[in-house]
Amino acid sequence: MKLKPGLLLLLFLLEHSCQSLSDNLRQQRQQISELEAIPADYGYVIKVHIMHELFNYWTLLDALPHLRSRTRLLNANSDWIIWCQHNTHVSSLRALLEQLSHRDAHELAYYGHALYDAEATVVHHFAHYKNPTWFPYPMLSAGVIFTGALLRSLAELVAVNALNATRNSEFAIDAAHELARFIFDNLAPSVPNDDDDDDDGRRNSKGNNNSDSIHKDDDKVLLQRKIILKSAAFICPSASLSPTWSHASSETPPGARKATAKGASNVPETETETKPESESESESKPVSCVLHAKPETATGNTEHCVHTTGTHIYFAIKTCAKFHKERIPIIERTWAVDAKQRKYYSDVADADIPTISTGLPNVPTGHCAKTLAILQLSLKDIRQLTDIRWLMLVDDDTLLSVPRLSALLSCYNHTEHIYLGERYGYRLYAPDGFNYHTGGAGIVLSVPLVRLIVEHCSCPAASAPDDMILGYCLQALGVPALHASGLHQARPQDYAPELLQLNAPVSFHKYWQTRPEHTYKRWLGGALGNASVRHVAGKDQQATPMQLTGHGLLQLANMATGLDGTTKHLDL
């Protein structure tokens with residue numbers, strides 16, 4: 001089938017890695033050059049744009065203003081834009097174009113491997129909390145295909161100073177789910193229902209963002225007025241999984257996921273459009289993976305990797321008196337055996353455990369003063385120990401695989417300022433926005449960085465959110481937040497299984513409605529826990545440090561709204 005002349009744009013987003021940036025660029029270009037030549041009858045110009053990840057580009061929504069204004073890549077000639085991450089593999093451009101030839105580039109649509117929540121989860125802001133199982137969102141590492149029409153409309157909505165878009169939260173946690181929800185809430189299909197005009201379609205698409213309140217009879221009508229990810233069988237969660245992994249055979253139209261989870265049956269299926277028999281037969285056949293996610297691995301520049309074990313890591317575990325008997329025994333029965341250098345820091349000294357008192361009373365939220373006191377006490381303790389390269393701040397309800405963590409850290413330079421964890425963002429669209437690592441997943445700091453923090457960071461209030469203040473201070477000091485996909489702020493059931501199967505988990509957080517020791521054994525312990533982690537390691541990125549004032553401590557007077565301890569911090 002002959003496509004009209006147009007432009008297909010491949011976007012690759014590169015993360016910080018143990019490899020140099022030039023090596024990473026070379027590998028992506030080699031992947032493209034190894035793909036077969038595009039037949040002339042497809043009539044497409046293929047452009048490849050590689051972006052090195054800046055502080056907010058990982059959210060995709062916040063990368064769009066750059067693509068729109070600086071690169072001018074989102075022009076009217078761009079029929080298809082394919083978003084790839086550093087571990088997205090394009091197996092065949094020819095097969096990709098063949099798949100696109102059956103789809104309408106002028107439709108407001110996007111395609112990917114659809115992920116689904118099994119239950120409402122904090123990492124997705126409890127979206128659709130009454131029944132989240134029907135809502136699809138893309139697996140970004142598998143690749144996402146946008147029509148040019150959709151991405152241009154999306155770019156206009158998130159443009160600087162745009163007033164016509166609604167964000168559900170100031171926090172960026174899962175870029176994939178937040179992208180899908182933003183599109184669902186703010187955009188409507190280009191062809192509305194017959195009895196409504198375009199303006200009404202746009203108003204209704206934004207006026208009722210909570211689909212849980214929709215009556216059954218109105219479900220189908222509303223979903224036809226929304227843009228929802230189309231699950232494509234040729235976009236796969238991994239190279240080893242067949243397309244039958246997808247919840248739908250080829251494409252899942254809006255709202256059409258089968259009722260495979262409890263409570264999903266109250267969302268009706270949308271009828272598929274009638275197709276010619278030949279086309280229906282071709283789409284019912286197994287489809288080869290054209291795009292797929294690859295496990296994150298550390299390759300190249302192996303001379304910079306240093307063998308690391310649990311003995312090189314100092315674990316500073318935050319606890320308090322009321323959890324001494326409940327939580328600490330769980331740690332001692334699970335990952336403590338691999339964490340020889342571990343200390344429990346509490347509001348009370350208990351010689352039987354033992355715990356070390358920070359000298360500060362416990363507060364219900366925030367814990368900023370307590371965390372800085374822990375870093376000060378830990379640094380003093382580390383001076384008395386031999387060959388400690390890393391400090392990991394851990395909650396008393398965090399589960400870890402220390403062997404996997406050690407493997408992860410092997411390709412980071414512990415003599416540099418390394419700040420590693422599960423990255424969240426706060427107000428990334430605004431000038432005062434910043435990234436930070438969420439505390440429950442565990443925050444890893446190189447020892448030189450611990451010294452820097454103790455010298456220059458301070459708390460605006462004892463109950464200010466410690467993880468956010470730490471991220472804010474380190475961004476001001478020019479230290480980037482490096483993301484580690486294996487670290488998790490929530491429980492295994494809060495993540496799509498495809499994500500957990502692609503890369504071996506390193507940590508989970510929260511014992512609520514779980515059996516912690518079962519979680520440890522199933523996901524982190526035993527022979528599995530001793531397996532080498534598949535990971536991307538990172539090096540520091542250059543950033544412009546903020547000028548220090550006073551006696552070396554950063555003055556946080558211009559801090560983003562809500563970080564001064566006067567408002568309650570949601571434990572994300």
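Predicted model: local features only at pLDDT ≥ 70, side-chain atom pairs only at ≥ 80, totals over all residues.
Local features need pLDDT of at least 70 and side-chain atom pairs count only at pLDDT 80 or more, while totals for chains, interfaces and linings use all residues. Residues are numbered from 1 along each chain as its sequence is written, and side-chain values use heavy atoms, without hydrogens and water.

Helices (H or I, at least four residues) and strands (E, at least two) are DSSP runs, numbered from the N terminus. Helices α4 and α5 pack at about 85 degrees, with axes 12 Å apart; axes are lines fitted to C-alpha atoms, for helices over the stretch in contact, and angles run from 0 to 180 degrees between N-to-C directions. That makes α4 roughly perpendicular to α5 (65 to 115 degrees). Leu 150, Leu 154 and Leu 157 of α4 meet Leu 179, Phe 182, Ile 183 and Asn 186 of α5, where contact means heavy atoms within 4.5 Å.

An open antiparallel sheet has the strand order β9-β20-β21; two strands pair if DSSP finds at least two bridges between them. β9 and β21 stand at the edges with a single partner strand each, so one side of each lacks a neighbour in the sheet. β20 and β21 pair over 4 bridges, and Tyr 424 stands opposite Tyr 436 in β21.

A nonpolar core is a set of buried (under 20% relative accessible area, 1.4 Å probe, protein chains only) Ala, Val, Leu, Ile, Met, Phe, Trp, Tyr and Cys residues joined through side-chain atoms within 4.5 Å.

| Core | Size | Residues, among them |
|---|---|---|
| Largest | 76 residues | Trp 83, Tyr 110, Ile 145 |
| Second, separate | 72 residues | Ala 336, Ile 374, Tyr 419 |

Technical notes. Parallel < 35°, antiparallel > 145°, perpendicular 65-115°, else oblique. Buried < 20%, exposed > 50% of the residue type's maximum accessible area, 1.4 Å probe, protein only.
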